[in-house]
Amino acid sequence: MAYLRASSRLARLPVATRQQRCFSAAVPLRVTSPFANEPAGPTVKTSSIPGPLNQQAVKDLSKVFDTRSTNMLADYTKSKGNYIMDLDGNEFLDVYAQIASIPIGYNNPALHKAAVSEEMVSALINRPALGNFPSHEWANILETGILTVAPKGLDQVFTGMSGSDANETAYKAAFMWRRQQERGGANIEFTEEEIASSMVNQAPGSPQLSILSFKSAFHGRLFGSLSTTRSKPIHKLDIPAFDWPQAIFPLLKYPLEDHVVENKKAEEEALADVERLITTHHLPPCAVVVEPIQSEGGDNHASPAFFQGLRTLTKKHNVLLIVDEVQTGVGATGKFWAHDHWNLDTPPDIVTFSKKAQTAGYYFGNPELRPNKPYRQFNTWMGDPARAILFRAIIKEIERLDLVKHTAETGAYLYSGIERLAGKYPHEFLNLRGKGQGTFIAFDSPRRDEFLKKAKTVGINIGGSGERAVRLRPMLIFQKHHADILLEAMEKVVKS
């Protein structure tokens, strides 16, 4: 089944410093390329982006598929490492990486090897309904993969299909945990009233409880997760939502060192708002969900002290802390999990994950977060063994190449470069943030959408967030020479 506890011998392993090598074990790592045959730099062949072949392909696709959100059509057979190629032969340095979802490069040989293994073939063609018919290998797949990187203090996992799914099931676990407490324990049976009222969506079977989230948050597009999403109206319009509370998220001023007093006050006010809502909202929150860095909402940061205060409040009021690491997890911030930067005294209750993991789910430690009966947290697939096998291969490459440490170092180099650009073009690079957070860096642009469009013309695929943020989401194999290419390209964009 999809829940599994990590054995003590497979608790989260320290990553030893290793000499970096090429992804082909027979070829040593070169400074110019972590992939054999990765382009030396971007190539733009067409006078307009998208080019004619891409334009025609989008037109053909639009006959059978909604292409209005299409960024570009890619040729993944020719994309390599940090570079994505379109149908016209344009090669872009990709610092958006499928919305932060590609961890170790396009067409990575280690992942190809995992993909063609007999274990993967079996997982793909005999895809099990994990809750009923898990493979005899499922425990081993989890223990040698997902659970080796479990956040400190969380030794069990529930696997899912996507980031939204991970958050939805985490919310369900929180509600069931709360009601189980209120009944007096896991052994107390449901009443006839609870059973009957749940069928008509009424209390007590459908309890009047909530999940507290923050303004500008993004937690997914399904019904529960969408009710906690507060970033863009386009996600929410016309969709019925739960009457759940949202707290203030502290909007820090930059540079941080020049606004210490104001930022401390903003965080204190946000924490006070959280406590007010926990104690007074008409639908009592049983959990608080928070992103370590609000990603879709504009790359909004808060200090470790803020999150430490949030953990203190959730413990004080017996409310679960759910940390949404869907976009921040798996090394991008220079730590495997972004909440590792917080130095919490006690770990979060639940940590959700997806994107760079190429699978999804949530970690937890408290056995009471398992529902007291089977089928309460259940669906046909409950995740995908094939994707869990892929994540295991990703983890091994991250450890072999020490990519978390590498990302921390490359991020510091990249941040310094953007800082120099901000000094040179102070009206183009505003509110630079992400120092000490690996390559999870962002800045505000007064002409953001134009910036993103022009970046394509100089061979850079880059994304935005919020109303005016340019966000960087390079892969873990991004190196200093890639940073130099990116910095030169960004200067060309702001000068044009």
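In this predicted model, helix α13 (residues 403–424) packs against helix α15 (residues 480–495) at an angle of about 20°, their axes lying 10 Å apart, where axes are lines fitted to C-alpha atoms over the stretch in contact and angles run from 0 to 180 degrees between N-to-C directions. Since angles under 35 degrees count as roughly parallel, α13 and α15 are therefore roughly parallel to each other, and α13 passes α15 in a right-handed crossing, the near helix being turned clockwise from the far one by less than a right angle. Among the α13 residues that meet α15 are Tyr 413, Leu 414, Ile 418 and Leu 421, while the α15 side includes Leu 486, Leu 487 and Met 490; contact means heavy atoms within 4.5 Å.

The second largest pocket holds about 760 Å³ of space, a pocket being an open set of points on a 1 Å grid where a 1.4 Å probe fits, with protein on both sides within 12 Å along at least five of seven lines. Of its 24 lining residues (an atom within 4 Å of a point), Lys 172, Phe 175, Gly 205, Ser 206 and Pro 207 are the closest to the centre. Helix α6 (163–183) gives the largest share of this lining, 7 residues.

| Region | Residues by class |
|---|---|
| Contact of α13 with α15 | 8 nonpolar, 2 polar, 5 charged |
| Lining of the second largest pocket | 12 nonpolar, 5 polar, 7 charged |

Here Asp, Glu, Lys and Arg count as charged, and Gly is among the polar residues.

Residues are numbered from 1 along each chain as its sequence is written. Local features need pLDDT of at least 70 and side-chain atom pairs pLDDT 80 or more, whereas totals for chains, interfaces and linings use all residues, and side-chain values use heavy atoms, without hydrogens and water.

Definitions and conventions
Helix = DSSP H or I, 4+ residues; strand = E, 2+ residues; numbered from the N terminus. Parallel < 35°, antiparallel > 145°, perpendicular 65-115°, else oblique. Points joined across faces, edges and corners; volume = space filled by probe spheres on them.
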